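Please look over the structure before reading on.

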Amino acid sequence: MTSEGAGEAGRADGSTADASVETIQREMTVFARRARASAGRMHPELSLVSYTLLGHLEEVGGCRATDLAAHYALDKSTVSRQVAALERAGLIERRMDPEDHRVQVLHLTEAGTDILAQVTRSRRTAFRERLTGWSEEDLARFASYLTRYNATATAPETSDDRSPGD
C-alpha cells in the first residue's frame, strides 16, 4: 500500500469514527430528553435531577450539598435550589455532622426513601420493557460501555450550570 493509500484509509477510519461519535451524541441527547419526560410521568413532583440527587444521597448515606455539586459538576447555586425544593417537599433533611458541628449533612427522610423506592421500581420496569429481547451479553456490554463512558466524563456537556436532566 502506498503512503497515499494509507492516508486514505486513515481518513476513512476517521470518517467512520466521526460518524459514530455523531450518532452517539444524537442518541444520548434523545436518551436524556426521554429520561426527563419519563421522570415526570413516573412521579410528577420528582424531576430527574431530584431523583438523581435522592439516589446519590441514599447510595452514600448522606452528604453535604457541596459534595453533590462536586459529584455532578454543578454550580452550588443550582444544587442549593434543588436541595431547598427537596427539603420543602419533605424528602430530605439536614443533620449536623457529628464530626464537624459547623457542617450540615443531607439525608433522606422516610418519605424521601419511600418515593425514591417507588420511582426506582417504576424506572426499572420501564428499562426492562425497553430492553426486552436483548441478550444477557448485549445487556452486559451496554452496561459496561455506559459505565466506562460515565467514568471518563469530567464536566457537564452543557455550557451553563444545568445538568442534562435539569
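## Confidence of the model

The mean pLDDT of the protein is 82, and 80% of the residues score at least 70; pLDDT is the predictor's confidence in each residue, from 0 to 100. Residues 1-11 have a pLDDT below 50, and this stretch has 1 contact in the model beyond near neighbours in sequence. Residues 155-166 also have a pLDDT below 50, but there the model has 20 contacts beyond near neighbours in sequence. Contact means heavy atoms within 4.5 Å. Where pLDDT is low, the predicted coordinates should not be read in detail.

This is a predicted model, in which local features need pLDDT of at least 70 and side-chain atom pairs count only at pLDDT 80 or more, while totals for chains, interfaces and linings use all residues. Residues are numbered from 1 along each chain as its sequence is written, and side-chain values use heavy atoms, with hydrogens and water left out.

## Overall make-up

The protein has 6 helices and 2 strands, in the order α-α-α-α-β-β-α-α from the N terminus. Helices (H or I, at least four residues) and strands (E, at least two) are DSSP runs, numbered from the N terminus.

Of the 166 residues, 25% count as buried, a term that means under 20% relative accessible area, with exposed over 50% and partly exposed in between (1.4 Å probe, protein chains only). Among contacts with a separation of 6 or more, 54% are between residues 24 or more positions apart.

## Helix 2 against helix 3

Helix 2 (residues 48-60) and helix 3 (residues 65-72) have axes that come within 11 Å and cross at roughly 110°. Axes are lines fitted to C-alpha atoms, for helices over the stretch in contact, and angles run from 0 to 180 degrees between N-to-C directions. Helix 2 is therefore roughly perpendicular to helix 3; angles under 35 degrees count as roughly parallel, over 145 as roughly antiparallel, 65 to 115 as roughly perpendicular and the rest as oblique.

The crossing of helix 2 with helix 3 is right-handed, a term used if the near helix is turned clockwise from the far one by less than a right angle, and left-handed if anticlockwise. Helix 2 contributes Thr 52, Leu 53, His 56 and Leu 57 to the contact, and helix 3 contributes Leu 68, His 71 and Tyr 72. These residues comprise 4 nonpolar, 3 polar and no charged. Ala, Val, Leu, Ile, Met, Phe, Trp, Tyr, Cys and Pro count as nonpolar, Asp, Glu, Lys and Arg as charged, and the others, Gly among them, as polar.

## Helix 3 against helix 4

The axes of helix 3 and helix 4 (residues 76-88) lie 9 Å apart, at an angle of about 120°, which means that helix 3 is oblique to helix 4. This crossing is right-handed. Ala 65, Thr 66, Leu 68 and Ala 69 of helix 3 meet Lys 76, Val 79 and Val 83 of helix 4. By class, the contact has 5 nonpolar, 1 polar and 1 charged residues.

## Two buried residues

Leu 68, in helix 3, is buried, with a relative accessible area of 0%. Not counting residues up to four places away in sequence, Leu 68 touches Leu 53, His 56, Leu 57, Cys 63, Val 79, Val 83 and Leu 106. The C-alpha atoms of Leu 68 and Val 79 are 7.1 Å apart, with the two residues 11 positions apart along the chain.

His 56, in helix 2, is buried with a relative accessible area of 9%. Neighbours within four places in sequence aside, His 56 contacts Cys 63, Leu 68, His 71 and Tyr 72.
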